[in-house]
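This report covers how parts of one chain pack together. Please read it alongside the sequence and the model.

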Amino acid sequence: MKDNIVLIGFMGSGKSSVGIRLAHALGYEFMDTDHYIESTYEKSIKDIFATEGEEAFRKIETDSLKELSKSLHHHVIATGGGMPLREENAALLRQIGTVIFLNASKEEIYSRLKEDTTRPLLAGENPMQRIEALLNARLPIYQKAADATVTTDQRSFYSIIEEIQKSMIK
């Protein structure tokens with residue numbers, strides 16, 4: 001296993017916000033896989049979804065993980081919310097490092113994302129219903145892919161980071 005920490009979870013669970021701070025606390029580099037994909041493909045995630053579809057985007061995620069797995073050391077990696085949906089991706093994430101599932105309730109996610117128009121999977125009517133449906137479908141996948149789970153609802157970054165660090169010692 002490599003010396004990286006991989007953060008998985010639903011959109012809005014805190015992967016990027018926590019990841020940046022965790023990397024700083026550990027003296028690691030931070031990487032967001034969505035930003036990596038946008039930079040590599042010179043398109044936004046929203047545009048990739050719109051022009052190529054979700055399945056094509058999921059393949060891009062897999063290809064990106066394969067590339068990243070060759071070179072990352074001492075990184076905290078924030079993944080896209082759907083990254084572990086493919087079993088191949090979940091296996092690659094485990095090869096890259098320790099996988100931490102950042103869990104947030106549907107109410108917390110809605111509160112964090114209600115003004116965000118960049119999330120293709122939440123576009124349309126009744127985003128709370130969409131969040132609930134997607135979260136229910138993904139929860140067992142996240143739990144299966146993770147080495148540890150940390151709940152982020154109503155918590156400070158400090159307490160979340162502290163719990164992640166404690167889970168790494170076990």
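## Helix α8 and its buried residues

The buried residues of helix α8 are Ser-159, Ile-160, Ile-161, Ile-164 and Ser-167. Here buried means under 20% relative accessible area, exposed means over 50%, and partly exposed is in between, with a 1.4 Å probe and protein chains only. Helices (H or I, at least four residues) and strands (E, at least two) are DSSP runs, numbered from the N terminus. The buried residues of α8 pack against β1 (4–8), α1, β4 (97–103) and β5 (148–151), where contact means heavy atoms within 4.5 Å.

This is a predicted model, in which local features need pLDDT of at least 70 and side-chain atom pairs count only at pLDDT 80 or more, while totals for chains, interfaces and linings use all residues. Residues are numbered from 1 along each chain as its sequence is written, and side-chain values use heavy atoms, with hydrogens and water left out.

From its first C-alpha to its last, α8 reaches 19 Å with 13 residues, close to the 18 Å expected at 1.5 Å a residue. The expected span of a helix is 1.5 Å times one less than its number of residues.

## Packing of α1 on α8

Two packed helices are described by the angle between their axes and the distance between the axes. For α1 (residues 15–26) and α8 (residues 157–169), the angle is about 65 degrees and the axes are 10 Å apart. Axes are lines fitted to C-alpha atoms, for helices over the stretch in contact, and angles run from 0 to 180 degrees between N-to-C directions.

On the α1 side, Ser-17, Val-18, Arg-21, Leu-22, Ala-25 and Leu-26 take part; they meet Phe-157, Ile-160, Ile-161, Ile-164 and Gln-165 of α8. This contact of α1 with α8 has eight nonpolar, two polar and one charged residues. Ala, Val, Leu, Ile, Met, Phe, Trp, Tyr, Cys and Pro count as nonpolar, Asp, Glu, Lys and Arg as charged, and the others, Gly among them, as polar.

Ile-161 in α8 has a relative accessible area of 9% and is therefore buried. Beyond its neighbours within four places in sequence, Ile-161 is in contact with Val-18, Arg-21, Leu-22 and Ala-25. Ile-161 and Leu-22 are 139 residues apart in sequence, yet their C-alpha atoms are 5.9 Å apart in space.

## Nonpolar cores

A nonpolar core is a set of buried Ala, Val, Leu, Ile, Met, Phe, Trp, Tyr and Cys residues joined through side-chain atoms within 4.5 Å. The largest has 25 residues, of which Val-6, Ile-8, Phe-10, Leu-65, Leu-93, Val-99 and Ile-109 touch the most other members. At least two residues of this core come from each of β1, α4 (54–68), α5 (87–96), β4, α6 (106–113) and α7 (127–145). The most come from α7, with five residues. A second, separate core of 13 residues includes Leu-7, Leu-102, Ala-148 and Val-150.

Glu-61 is found in α4 and counts as buried because its relative accessibility is 0%. Its contacts, leaving aside neighbours within four places in sequence, are Asp-34, Ile-37, Gly-80, Gly-82, Met-83 and Asn-89.

Ser-64 is also placed in α4. Ser-64 is buried, with a relative accessible area of 5%, and touches Tyr-36, Ile-37 and Tyr-41, not counting residues up to four places away in sequence.

## Loop residues with positive phi

Glu-42, in the loop between α2 (33–41) and α3 (45–52), has phi near 50 degrees, a positive value in a residue other than glycine. Glu-42 is exposed, at a relative accessible area of 72%.

His-74 lies in the loop between α4 and β3 (75–78). Phi of His-74 is near 55 degrees, again positive in a residue other than glycine, and at 41% relative accessibility His-74 counts as partly exposed.
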